Amino acid sequence: MKPQYLILAIACLAAFAAPGPSGAQEQRPPVSQCQAIAENIPKATFASFSGEPTLMPAVSEGEDVKLTYLGHSTFEIETPGGIVIATDYNGWYRPATTPDVVTMNKAHTTHFTLTPEPDIKHVLHGWSDVPGETAKINLVVGDAYIRNVTTDIRFSYGLGGSQEDGNSIFIFEIAGLCIGHLGHLHYELTDVHYTEIGRLDVVMVPVDGGLTMGADSMSRVIKRLRSSVILPMHRRGPPVNAFVSMFGKDFDITYAPDDSITVSMRTLPKKPLIYVMKGVQ
């Protein structure tokens, strides 16, 4: 090894080996591969963390991630390493096996439960349980890295006004894929939101046309995210065609005969695909 490279390698090892501040318990989350492309965007501010680096998710031999639509806005995500995640978990729509992780959002009781099964190891609220604070999630479970980006929500039942950071867009980084669940999105995203999200290869999007956002507003969000696979969910009232009609020839449309899709980095479509699963149609 050339001397200059040896010195650099020793310096890097020393940086990792050096102790953190006295008493520091917070661990640094893994570097998000989904945000990597966004770090070059100007005027973006990224959170800083102190403490020891967290281990990256374990590498699995497989590369396929399976997503199954269970109902409303609940999907089961199964990683190559066998980790099971359920999104917007309300206790009604359950995977066949107890999930390792469940995520929840606050807008309606159809998106969360305060009495999840005790066997669920990780229950992630998309809102903060501490008044005045914001939910901050950076969690590694098996071969999945899970983080969130908060958005505001309208108060329910015609009360008017909005609640800051009451919704979370959950992002699951698995087997090289960046998978996002928009939750109960009420407002179009800002430049800061897009920067914090970064790349999404697969996105789960509510298409109710009003309880969250209208089809036109939601379609603008999806077009800007430029995901390879778009999975409609949360359809109430208008048919999913109202959402699909917002997209032109730059998007392919598939009405699937079943409720699952298996994706990997190698099998992502080159042209954006709106994949309407059975149960959403």
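Start by selecting Cys-34 and Cys-178: a disulfide joins the two, with an S to S distance of 2.1 Å (a disulfide is a pair of cysteine sulfur atoms within 2.5 Å). The model is predicted, so local features need pLDDT of at least 70 and side-chain atom pairs count only at pLDDT 80 or more, while totals for chains, interfaces and linings use all residues. Residues are numbered from 1 along each chain as its sequence is written, and side-chain values use heavy atoms, with hydrogens and water left out.

Stay on the disulfide. The structure holds one. The torsion about the S-S bond of Cys-34 and Cys-178 is about -105°, so this disulfide is left-handed. Cys-34 lies in the loop between α1 (3–17) and β1 (65–71) and Cys-178 in strand β9 (residues 177–181), so the pair ties together parts 144 residues apart in sequence. Helices (H or I, at least four residues) and strands (E, at least two) are DSSP runs, numbered from the N terminus. Cys-34 is buried, at a relative accessible area of 0%, and Cys-178 is buried, also at 0%. Buried means under 20% relative accessible area, exposed over 50%, and partly exposed in between (1.4 Å probe, protein chains only).

Next, select β9. Five of its five residues are buried. In a regular strand the side chains alternate between the two faces of the sheet. Leu-177, Ile-179 and His-181 point one way from β9, and Cys-178 and Gly-180 the other way.

Strands β8 and β9 pair in the antiparallel sense over five bridges (two strands pair if DSSP finds at least two bridges between them). His-181 in β9 is the bridge partner of Phe-170. Two residues lie between the strands of this hairpin, where Ala-175 takes a positive phi near 50°. With strand β10 (residues 202–206), β9 runs parallel, joined by three bridges. Val-202 in β10 is the bridge partner of Ile-179.

Finally, select Leu-67, Leu-182 and Leu-231. These residues have the most contacts inside the largest nonpolar core, which has 59 residues. Strand β8 (residues 162–174) gives the most to this core, with five residues. A nonpolar core is a set of buried Ala, Val, Leu, Ile, Met, Phe, Trp, Tyr and Cys residues joined through side-chain atoms within 4.5 Å.
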